[in-house]
Amino acid sequence: MNGLMQDYPLTVHTLFRRGESNFGHKRITSVSAGHEAVTTYADWADDVRRLAGALDRLGIPRSARVGSFAWNSIRHLNLYFAVPASGRVLHCINIRLFPEQISFVINHAGDEVIFVDESLLPTLIPVLPSCPTVKQVVVMRDSGGAADCHSDMRGIAVHDFDDLVRTTNPVEFEPVDEWSAAMMCYTSGTTGDPKGVVYSHRSVFLHSMAASGVDTLGIGEADRILPLVPMFHANAWGIPHAAIAQGAELVLPGSDLSGPTVADLIVRHRVTMTAGVPTIWISALPHLEGRDVTSLRLIACGGAAVPAALSEDYRTRIGLPIQQAWGMTETSPLAAVGKLDADHAELSDGERAKLRTGVGRPVLGVEARLVRPGTLDAVAHDGVATGELQVRGSWIASGYYGVEQEESPLTDDGWLRTGDVATMDERGWVRLVDRTKDLIKSGGEWISPADLENELMNHPAVAEAAVVGVPHPRWSERPLACVVRVPGQDVGEAELLSHLSTEFARWQLPDRIVFVESIPKTSVGKFAKREMRELHRAAYAECSDHHA
Ligand code: ADP
């Protein structure tokens, strides 16, 4: 017997309509070139409908891929809704990929038109000649009157976003099948070519509901949200879609994500909730200290290993610990969130701090399990045993766009292999231990770079630390640490090794600690471990023995 409930469409249009019809008075602040523009939901929603009409005018068919190459801005937010609600697919192109990868993802997705921030034209223009599917480019004027490079785009029609929107009438949206594609993002390609993840209307809708849950990000009408996670990567953690549907106000930061600017935006706009990768929170902390941040209820952090000390630094210095979230491009991305339980309030500060070094519990709609890597053998959920973290759920990828079945990211029984190594306790609390691809194998024994990094960053003179495995003639790989000192501090290798040796066996210690000005980062602010390995690959070429 079937249930007797309505077939209610789980679509981006449904999310849009809720924002449009209930919250016309709410505000969206968009920052570009140091200038802040404030728009109401009502005006923004009108522009969304005009933009959808403009796509018709440009002759972009349904299901076509529309690329965006942009910072977090109100025009990008227009695209987040106009493109899927009108039946097209928004491909958010990661602006920080290498040029060959940018043309790879544009060609692979088959983008027909690209909406680009004027400030990013110098990055996009050189790749366009190798992207034959792109027939039109729409320029979004964000740079406050920078040089006009449009003349370089031979053979490609160039339009101005604001002119296009102003001169087009608003349209009504036609129904869209909830299983059809709404958005696309490519993985950042830390291992191999970027792979296309295709989000459906249904998955975006369900993910927005999940992001609104009180034990997840709790996105609601009372919020003013500053998404620092880029809209060109994993849908800015689903914040734009959830925020509009729930009527939260938004502050869209544009391109300047420096510590002082981020702190200023939080303080001046009385931001309630914000989300970013660890590097952002490391640089913002000194600028938040001593200021009025009482509006903040949640600082979410994830996307890369979060230093163990960071959350405590926030708690002791500004009164609010950061909260971890875990996910991947393939998981939309919210899959686990580290919101402490009610009875955790009875624990000591130290015990709660320890819990916060975990990524938390899988959110409703996502199931997680641990298996022995390369097998389907279950690993106990006892908080100690480690295994590969695997997930399944309604907003978890079932495959990659245009990629053969053999390269499926799923196990034979349908779970997504994440490549992350974790423990899980009896209450479902997940703690990431490492990434299978980053683990170091020395003399047949595994060494965890994440543990070493955490302990190094626990040292007061260390601002950032990243550990990689580099080839060694005898031990196959040995750990090498790159350390950025806190300005004005003069810690040396011997002191850091003695600091580490209280927690690690001698053979686990890095043979070498290299002091650097900065650690190379990937397109989305994670330590660029592949690049670091390349940089230091000859470090131990001459060595014979460092173990013993
Ligand atoms: P890529 O693997 O190409 O960097 P993603 O940006 O999708 O692509 O990154 C997902 C990965 O980021 C996860 O598999 C995990 O290794 C890492 N990650 C995400 N959140 C966290 C977190 N809170 N702590 C540690 N690592 C995280």
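Student: What should I know before we start?

Tutor: This is a predicted model, where local features need pLDDT of at least 70, side-chain atom pairs count only at pLDDT 80 or more, and totals for chains, interfaces and linings use all residues. Residues are numbered from 1 along each chain as its sequence is written, and side-chain values use heavy atoms, with hydrogens and water left out.

Student: Into which domains is the chain divided?

Tutor: Domain bounds come from an automatic or database domain assignment. Here domain 1 covers 12–256 and domain 2 covers 440–535. Their centres, taken over C-alpha atoms, are 38 Å apart.

Student: How many disulfides does the structure hold?

Tutor: A disulfide is a covalent bond between the sulfur atoms of two cysteines. The test is a pair of cysteine sulfur atoms within 2.5 Å. This structure holds 0 disulfides. Take cysteine 185: the closest cysteine sulfur, in cysteine 92, is 4.9 Å from its own, too far for a bond.

Student: Is cysteine 185 buried or exposed?

Tutor: Buried means under 20% relative accessible area, exposed over 50%, and partly exposed in between, with a 1.4 Å probe and protein chains only. Cysteine 185 has a relative accessible area of 1%, so it is buried. Cysteine 482 also counts as buried, at 4%.

Student: How many aromatic pairs are found in the whole structure?

Tutor: Rings of Phe, Tyr and Trp (its six-membered ring) pair if their centres lie within 6.5 Å; planes under 30 degrees apart count as stacked, over 60 as edge-to-face, and the rest as tilted. The search finds 9 aromatic pairs. One of them joins phenylalanine 115 and phenylalanine 161, edge-to-face, with 6.1 Å centre to centre and 80° between the planes.

Student: Where do phenylalanine 115 and phenylalanine 161 lie in the chain?

Tutor: Helices (H or I, at least four residues) and strands (E, at least two) are DSSP runs, numbered from the N terminus. Phenylalanine 115 is in strand β5 (residues 111–117), and phenylalanine 161 is in helix α6 (residues 161–166). The pair links distant parts of the chain, 46 residues apart. Phenylalanine 115 is buried at 0%, and phenylalanine 161 is buried at 4%.

Tutor: Now take tryptophan 281 and tyrosine 314, an edge-to-face pair at 6.2 Å centre to centre and 90° between the planes. Tryptophan 281 belongs to helix α10 (residues 278–288), tyrosine 314 to helix α11 (residues 308–318). Tryptophan 281 is buried at 0%, and tyrosine 314 is buried at 0%.

Student: Which residues do ring pairs link into a cluster?

Tutor: Phe16, Phe23, Tyr41, Trp44, Phe81 and Phe173.

Student: What sits over the ring of tyrosine 400?

Tutor: A charge sits over a ring if NZ of Lys or CZ of Arg is within 6 Å of the ring centre and within 35 degrees of the ring normal. For tyrosine 400, the charged end is that of lysine 195, 5.7 Å from the ring centre. Arginine 485 sits over phenylalanine 515 in this way, at 3.9 Å.

Student: Which residues come nearest to the ligand?

Tutor: A residue is near a molecule or strand if one of its heavy atoms lies within 4 Å of it. There are 20 residues around the ligand, and Ser188, Ala325, Thr329, Asp420 and Lys526 come nearest.

Student: Is methionine 209 buried or exposed?

Tutor: Methionine 209 is exposed, at 52%. Its place is helix α7 (residues 201–212). Methionine 209 and alanine 242 are 33 residues apart in sequence, yet 7.0 Å apart in space, C-alpha to C-alpha.
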